[in-house]
Amino acid sequence: MKHTIAVVTSTRAEYGLLRGVLQALYTDPEVQLQLLVTGTHLSKAHGQTVSEIEADGIPITARLPILPETGTEPVAETIARTVQVFDACFAQNAPDALLLLGDRFEIFAVAVAAAARHIPIAHISGGDVTLGAADEYYRHCITKMASLHFPSCVESAQRLVRMGEEPRRVLCVGGLGDENIRKLPKMSREQLCESTGLPLQQPFGLVTYHPETAGQNNPAAQADALIAAMQDTPGIYWLITGSNADEGGRICTEKMQAFAASQPQKAGFVQSLGLKRYLSAMALAALVAGNSSSGVVETPSFGVPTVNIGSRQAGRQICENVLCCPAEQTAIHAAIAKALSPEFAAAAKAARSPYNGGDTAQKICTALKNALQSGLLRTVKSFYDGEVPSFTL
C-alpha cells in the first residue's frame with residue numbers, strides 16, 4: 001500500500017530546495033506524491049516559475065492560485081484566501097501526510113488548513129531564527145502544528161526541543177541547499193553568460209534583496225542604500241534577481257530594475273535565475289550581497305564572500321564567509337569593500353558549512369515513510385520538558 005504524501009511549493013527559492021526531496025518521493029515505489037503548486041510560481045509578475053517545475057518532469061497534482069491578479073493586498077487577506085483554497089483541496093483529496101518547507105505566510109496558511117483537517121504535517125527547516133522578518137513567528141507556529149521536524153543544523157534541532165518538541169520527532173538531516181550545491185551540475189562562466197545575455201566574464205556580485213517585514217523599516221530606502229553602495233563599488237558588475245512577494249517586495253524589484261536599466265554597463269536584472277543558474281552564479285561570483293537566506297545558509301558551501309544586509313536573517317547561524325552590516329549605504333559599501341579584499345576572500349574559501357548533512361533529501365524521504373509506517377505521525381504530540389539531547393549531522 002502506497003503512502004500519499006503531499007508537498008507544497010509557493011516560491012522559486014523553496015522549490016529549488018525541495019527539488020531533491022520531490023525527486024526522491026516521486027521515484028519511491030512506496031509513495032504516491034501529490035505536488036501542489038501555488039503562490040508566486042503562478043504569478044506573471046514574479047516570473048511564473050511554474051515553468052521550471054514543468055521542465056523537471058514531476059507531474060503537478062494541482063495548481064492553486066492564491067495571489068491577486070494585479071497589485072498587492074494585505075497579507076491577512078492572502079492568508080485567509082490560502083486557507084480556504086487549501087481547505088477545499090484537502091477536503092477533496094486528503095493526503096496521509098503533508099510536507100512543508102520554511103516559514104512564509106502562505107506556507108503558514110497551508111499548515112492551518114491541514115491542521116484543521118487533522119492532516120499530519122512534517123516540517124523542513126524549523127528551529128531557525130530570523131529576527132528581521134515576520135517569517136520568524138510563522139515558522140514557530142508551523143513547528144507547533146507539525147508532528148515531525150527536519151532541522152537543517154544542530155543549533156536549530158536543539159532549539160526545537162527547547163520549544164517543547166519531543167526528541168524522537170526531531171531529525172537533524174542537514175540543509176537541502178547544501179546538498180543541491182554538492183550534487184547539481186553547474187554551468188560554466190561561458191554558459192552562464194550565454195544563458196543570461198549578460199557580461200559576466202568580468203568579476204560580478206550576485207544580489208538578491210527582500211524587504212524586511214519585522215519592525216518599521218522602509219524597504220524603498222534600504223533598496224536605495226544598497227543601490228548607492230553598488231554604484232560606488234568599482235570593478236564589479238552586479239547580477240540582480242527580483243524580490244519576493246512580501247509587502248514592499250514590488251518596490252525593491254522596481255528600484256533594482258531601474259538601476260540595471262539606467263546603467264547596463266554596471267548591472268543586469270533577471271527576475272528569476274532558476275536553481276541551476278542561481279547556484280552556478282553563486283559559484284562564480286566574486287561576492288554575494290543582499291539578505292536572502294541563501295546568502296547565509298548556502299554560500300558557506302561555496303566559500304564565497306558574502307555581505308548579509310540588515311536584520312532579515314538576524315539570529316541564523318553565521319559562518320566565517322559572511323559579513324553582516326546595517327542596511328545603510330556607508331556600512332554596506334564598507335562591508336562590500338572588505339568582502340572583496342584578498343584577505344577576506346581567502347578566509348571565506350576556508351569556511352566550513354554547518355549545514356552539510358550528507359544525503360539530506362533521501363533521509364527526509366525515508367524518515368517520512370518510517371513515521372507513517374510506525375504511526376508516529378498519527379500519535380498525539382506531548383510537550384517535552386526534558387533534557388536537550390546531543391544532535392549530530
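Author: The largest pocket has a lining of 32 residues, and those nearest its centre are Ser-43, His-46, Pro-68, Gly-71 and Arg-250. The model is predicted, with local features needing pLDDT of at least 70 and side-chain atom pairs pLDDT 80 or more, while totals for chains, interfaces and linings use all residues. Residues are numbered from 1 along each chain as its sequence is written, and side-chain values use heavy atoms, without hydrogens or water.

A pocket is found on a 1 Å grid over the protein atoms alone, as an open set of points with protein on both sides within 12 Å along at least five of seven lines; a cavity is a set where a 1.4 Å probe fits but cannot get out, and lining residues have an atom within 4 Å of a point. The points are joined across faces, edges and corners, and the volume is the space filled by probe spheres set on them. For the largest pocket this volume is about 700 Å³. The most, 5 residues, come from α10. Helices (H or I, at least four residues) and strands (E, at least two) are DSSP runs, numbered from the N terminus.

Lys-266 is buried (under 20% relative accessible area; over 50% is exposed, in between is partly exposed, with a 1.4 Å probe and protein chains only). It has no salt bridge, and the nearest side chain of opposite charge, Asp-232, is 7.8 Å away. A salt bridge would need a side-chain nitrogen of Lys or Arg within 4 Å of a carboxyl oxygen of Asp or Glu; Lys and Arg count as positive, Asp and Glu as negative, and His and the chain ends are not counted. Beyond four places in sequence, the contacts of Lys-266 (heavy atoms within 4.5 Å) include Met-230, Pro-234, Trp-238 and Phe-259.

The buried residues of α5 pack against α3, α4, β5 (121-124), β6 (148-150) and α6 (154-162). Among these buried residues are Asp-135, Tyr-138, Arg-139 and Ile-142.

Tyr-138 also belongs to an aromatic cluster with Phe-108 and Tyr-137. Rings of Phe, Tyr and Trp (its six-membered ring) pair if their centres lie within 6.5 Å; planes under 30 degrees apart are stacked, over 60 edge-to-face, and the rest tilted. There are 3 such pairs. The one between Phe-108 and Tyr-138 is tilted, at 5.3 Å centre to centre and 35° between the planes. Phe-108 is in α4 (residues 105-116) and Tyr-138 in α5 (residues 135-145), so the pair ties together parts 30 residues apart in sequence. Phe-108 is buried at 17% relative accessibility, and Tyr-138 is buried at 12%.

Past α4, the loop to β5 contains His-118. His-118 is exposed, at 62% relative accessibility, and has a positive phi of about 60° without being a glycine. Most residues other than glycine have a negative phi.
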